Amino acid sequence: VIHHSPSYCQDCGEGLDSPAQLRGRRQVIDIPPIKPIVTEHKVYERVCNHCGHTNCGSFPDDVNSPIRYGNSIMTLIAYFSVRQYISMNRIQEILTSVFDIKMSEGTVKNQLTKYADKCKWIYEQIRLGLLKAHWVGTDETGYRLNGKKGWMWTWQNEKYTLLYASTNRGTATINEVYPDGLANSVLVHDCWKPHFKMTTRTHQLCL
């Protein structure tokens, strides 16, 4: 809170010592300077005076390299990429320009790979959830990655959505995700031929 109170009369120039009365207030909302916090871990050793054994401290399990990035940075990179659809080179630019963290584009990629590995169990729960579903809708959409054609497959219902990137638009991709089909489900699709090769309860044309 910054107080702005007159100290002299603007008419005659005389000093003011009368009690100040609040006439109004205004607020400015801003973001403080963002500076990375570096936590250094030091390991020491101590010799036992009784038997002479040298005892050494240990680093925390997650401090497994001379320099590493913390979980908050890792989470922010994943959020920028997966939720905000920001490319890796622009994430690198944001980290440098906004957060004063110099990180190579390769490191950004590695961080995203690590985060994806952590999420594999969630993807598997979604895949298994769809196996039990009464109905599942499916489709595939073309996209280009580094100039090459790929396909983003989708299996979903009102509760789960499973996305799967592949360079194959045929049965091979379906077998990778659901090798035994979706035997409990009505499969809703647009009559793309590979969908009919899945083991399902029945088929329904999507509208």
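User: If helices (H or I, at least four residues) and strands (E, at least two) are DSSP runs numbered from the N terminus, where is the place of Tyr85?

Analyst: This is a predicted model, in which local features need pLDDT of at least 70 and side-chain atom pairs count only at pLDDT 80 or more, while totals for chains, interfaces and linings use all residues. Residues are numbered from 1 along each chain as its sequence is written, and side-chain values use heavy atoms, with hydrogens and water left out. Tyr85 sits in a loop, and that loop is the one between H1 and H2.

User: Is Tyr85 buried or exposed?

Analyst: Phi of Tyr85 is near 60 degrees, a positive value in a residue other than glycine. Most residues other than glycine have a negative phi, and most peptide bonds are trans. By relative accessible area (1.4 Å probe, protein chains only), buried means under 20%, exposed over 50%, and partly exposed in between. Tyr85 has a relative accessibility of 67%, so it counts as exposed.

User: At 37% relative accessibility, how does Asp100 count?

Analyst: Asp100 lies in the loop between H2 and H3, and although it is not a glycine, it has a positive phi of about 55 degrees. Because its relative accessibility is 37%, Asp100 counts as partly exposed.

User: By class, how many residues in the contact of H1 with H2 are nonpolar?

Analyst: H1 passes H2 in a right-handed crossing, where right-handed means that the near helix is turned clockwise from the far one by less than a right angle, and left-handed anticlockwise. The contact (heavy atoms within 4.5 Å) joins Ile77, Phe80 and Ser81 of H1 to Ile91, Ile94 and Leu95 of H2. Ala, Val, Leu, Ile, Met, Phe, Trp, Tyr, Cys and Pro count as nonpolar, Asp, Glu, Lys and Arg as charged, and the others, Gly among them, as polar. By class, the contact of H1 with H2 has no charged residues and one polar residue, and the number of nonpolar residues is five.

User: How many charged residues are in the contact of H1 with H3?

Analyst: The axes of H1 and helix H3 (residues 105–118) come within 9 Å and cross at roughly 90 degrees, and the two helices are therefore roughly perpendicular to each other. Asn71, Met74, Thr75, Ile77, Ala78 and Ser81 of H1 meet Val108, Gln111, Leu112, Lys114, Tyr115 and Lys118 of H3. In this contact of H1 with H3, six residues are nonpolar and four polar, while the number of charged residues is two.

User: How many nonpolar residues has the contact of H2 with H3?

Analyst: H2 and H3 pack at an angle of about 105 degrees, with their axes 9 Å apart, and they are therefore roughly perpendicular to each other. From H2 the contact takes Met88, Asn89, Ile91, Gln92 and Leu95, and from H3 Glu105, Val108, Lys109 and Leu112. By class, this contact of H2 with H3 has two polar residues, two charged ones, and a nonpolar count of five.

User: Which element gives the largest share of the core?

Analyst: A nonpolar core is a set of buried Ala, Val, Leu, Ile, Met, Phe, Trp, Tyr and Cys residues joined through side-chain atoms within 4.5 Å. The largest one has 14 residues, of which Leu130, Val136, Trp155, Leu162, Tyr178, Leu182 and Met198 touch the most other members. Helix H4 (120–131), strand E4 (148–156), helix H5 (171–177) and strand E6 (182–189) each supply at least two residues of this core. The largest share, three residues, comes from E4.

User: How far apart are the C-alpha atoms of Gly150 and Ser166?

Analyst: Gly150 is placed in strand E4 and counts as buried, with a relative accessibility of 3%. Leaving out residues up to four places away in sequence, Gly150 touches Thr141, Gly142, Tyr143, Ser166 and Thr167. Gly150 and Ser166 are 16 residues apart along the chain, and the separation of their C-alpha atoms is 5.8 Å.

Technical notes: Axes are lines fitted to C-alpha atoms, for helices over the stretch in contact, and angles run from 0 to 180 degrees between N-to-C directions. Angles under 35 degrees count as roughly parallel, over 145 as roughly antiparallel, 65 to 115 as roughly perpendicular and the rest as oblique.
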